[in-house]
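Please look over the sequence and the structure before reading on.

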Amino acid sequence: TEIEEAYFETRALPSGWKVKAGKFLSGIGYHNQQHLHSWAFSDQTLAHQAFFGDHGLVDTGVQVTYLPATPIYTLVGVELFQGEQEKFGALADHDDLEEDAGPRLSTIFAKIAPEISADSELQLGVSLAQAGQHQEDHSEDPDVELLEGDVFLWGMDVVYKKLPTGSYGEGGFTLQAEYFNVEKELTIEVASDADEVGEEVTGKQDAFYLQAVYGIAPRFSVGARFEKVGFVNELKEESTDKLGDSRRVSLAATWQPTEYSKFRLQFSRAEISEFDEDAGQAESETFNQIYLQYNISLGAHGAHQF
């Protein structure tokens, strides 16, 4: 077991301000701040796995949001995190690299929800994130190569929801998509070849997913998701390596017998790319995945998010 979130949040600050502090899921994008029991599919998106890890961007820090009294829903937020991440702003476990004092990771995000009709909802968002200390270990025994620098991310998200026409979600439709772009600016700090120390290394990678879920009957829904990582995926050192792209298509059927439980059957076909150092090129592997999931929520919980 582990604690996913443990935080306090203000409830009565004036003029639409709110402060959250503790360990919590970042508000960047749309999917990141959802708990696993709220996901429309059994597994994490490839985009979040590639950039944030299996749990998404979750860290210890503080968040400040502002919800002004405007004609349409508008939310702006900033976050400062300690920077203890496995992917974005990761630290290499090596004695020759030091860990700076936190906070090392910051984000800013904005969301608007223009009114489009009485039975439909739309939310648009943009996000920025920056890690002031990011380390990578590119060592290949017996050679050592340790890098350190900054990593920057920007993203966009869009969510469209059509309200159910029947009971228990029947006729409801949700379409959501997110795009992330990451850039790294690193310097070789430690290397077996002393001439390499101080050389700059840059990297670029992006990711995207699009998913749709439709309520075909009371308590029954079906969903489809397409994902791709690596429209751009390159690492430039002495030369530019094209690291390839990964993609996955998923289909899911979900039955929710109660508000607090669900059964899901999911099939995914994935083509995952991995860079072969010896061959100097990316190679991909195709495989199928089948999930049979039972999910249950216990205890009190807050209001459902948009």
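This is a predicted model: local features need pLDDT of at least 70, side-chain atom pairs count only at pLDDT 80 or more; totals for chains, interfaces and linings use all residues.

How many helices and strands are there in the protein? The protein has one helix and 14 strands.

**Overall form**
- Along the principal axes, the C-alpha atoms fill a box of roughly 70 × 50 × 40 Å.
- Among contacts with a separation of 6 or more, 60% join residues 24 or more positions apart.

**Surface and charges**
- Of the 306 residues, 39% are buried.
- The protein carries 21 positive and 53 negative charges, whose mean positions lie 15 Å apart.

**Aromatic rings**
- The structure contains twelve aromatic pairs.
- One of these is the edge-to-face pair of Phe 208 and Phe 231, with 6.5 Å from centre to centre and 65° between the planes.
- This pair links distant parts of the chain, since Phe 208 lies in strand 9 (residues 200-217) and Phe 231 in strand 10 (residues 220-236), 23 residues apart.
- Phe 208 is partly exposed at 23% relative accessibility, and Phe 231 is partly exposed at 45%.
- Trp 255 and Phe 263 form a stacked pair, because their ring centres are 5.6 Å apart and their planes are at 15°.
- Trp 255 is partly exposed, with a relative accessible area of 36%, and Phe 263 is partly exposed at 35%.
- Ring pairs join Trp 255 and Phe 263 with Phe 220 and Tyr 294 in a cluster.

Technical notes: Residues are numbered from 1 along each chain as its sequence is written. Side-chain values use heavy atoms; hydrogens and water are left out. Helices (H or I, at least four residues) and strands (E, at least two) are DSSP runs, numbered from the N terminus. Buried means under 20% relative accessible area, exposed over 50%, partly exposed in between (1.4 Å probe, protein chains only). Contact means heavy atoms within 4.5 Å. Lys and Arg count as positive and Asp and Glu as negative; His and the chain ends are not counted. The place of a charge is taken as NZ of Lys, CZ of Arg, CG of Asp or CD of Glu. Rings of Phe, Tyr and Trp (its six-membered ring) pair if their centres lie within 6.5 Å; planes under 30 degrees apart count as stacked, over 60 as edge-to-face and the rest as tilted.
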